[in-house]
Amino acid sequence: MHLLRFLPRTSFGVPLHAVVQLVLLFNAVNKASGLYGLLSIFTAHPVDGIQWTYYLTNTALFILTVSTYIYIIKLPSSNLNNDASLPALKCIAVFTICYVADFLSGNLFMLYLANLWIKEENQGAASIQNSTSVYVSHLVKRVSKETKLQSASEQYEIGVSVITILISELIRGYFVSLVLSYYLRLRRRVQRRVHGWFARPVDVLDKLL
């Protein structure tokens with residue numbers, strides 16, 4: 001439990017029990033997009049395999065999030081070290097692992113998209129240089145006042161987008177630390193041996209954390 005020393009005990013004075021409930025509600029709203037995406041089956045809108053995977057994954061995470069929320073609000077404030085608390089502990093452990101995995105996979109996917117965007121930008125610049133007339137026209141536009149203002153606007157939009165993404169990722173990372181802290185502190189209060197269905201996630205977190 002050494003990791004607890006680096007995780008928050010509260011969130012700006014608000015107990016973890018209440019804050020994690022807000023995190024769960026926020027995540028449920030976010031993952032509800034999977035349910036709306038599955039409605040495409042009743043429309044003529046084409047959906048590829050990646051989209052189906054995204055919608056199904058979000059739907060599963062939505063169900064898991066709602067289930068975890070129900071377990072948490074039913075947890076008593078005391079006397080947790082009993083067998084009745086084990087189902088809640090296992091559900092929260094499953095959610096914790098999925099929440100961290102979703103955060104990490106989302107960052108990897110964002111890096112993939114950023115790399116793809118940079119490659120497309122470089123390919124676009126190379127294609128301009130391959131055509132002399134287009135390249136000269138491009139240079140003329142760049143020295144014009146209108147293009148200068150447009151470039152400044154584009155740089156501003158890119159800067160705002162990057163800052164917004166960084167802030168959102170910092171907030172999500174903070175949410176991850178709150179969920180981890182809540183689970184670990186709950187695990188310290190429920191020290192019984194876990195067995196049966198979904199006992200493996202608890203064992204994994206006990207070994208890793």
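What does the accessible surface of the protein chain come to, and what percentage of it belongs to carbon and sulfur atoms? After that, please take me to Ser-85: where is Ser-85 found, and is Ser-85 buried or exposed?

Guide: The model before you is predicted. The accessible surface of the protein chain comes to about 14,200 Å², and carbon and sulfur atoms hold 66% of that area. The chain contains 7 helices and 2 strands, and read from the N terminus its elements follow the order β-β-α-α-α-α-α-α-α. Of the 209 residues in the chain, 31% are buried.

Ser-85 lies in the loop that runs between helix H3 (49-74) and helix H4 (86-130). Ser-85 is buried, because its relative accessible area is 4%, and buried means under 20%. Leaving aside residues up to four places away in sequence, Ser-85 touches Leu-80 and Val-190. Val-190 stands 105 residues from Ser-85 along the chain, yet the C-alpha atoms of the two are separated by 7.3 Å. For the chain as a whole, among contacts with a separation of 6 or more, 80% join residues 24 or more positions apart.

The buried residues of H1 include Leu-16, Val-20, Leu-24, Asn-27 and Lys-31.

How values were computed. Residues are numbered from 1 along each chain as its sequence is written. This is a predicted model: local features need pLDDT of at least 70, side-chain atom pairs count only at pLDDT 80 or more; totals for chains, interfaces and linings use all residues. Side-chain values use heavy atoms; hydrogens and water are left out. Buried means under 20% relative accessible area, exposed over 50%, partly exposed in between (1.4 Å probe, protein chains only). Helices (H or I, at least four residues) and strands (E, at least two) are DSSP runs, numbered from the N terminus. Contact means heavy atoms within 4.5 Å. Accessible areas come from the Shrake-Rupley method with a 1.4 Å probe; for residues, only the protein chains shown count as cover.
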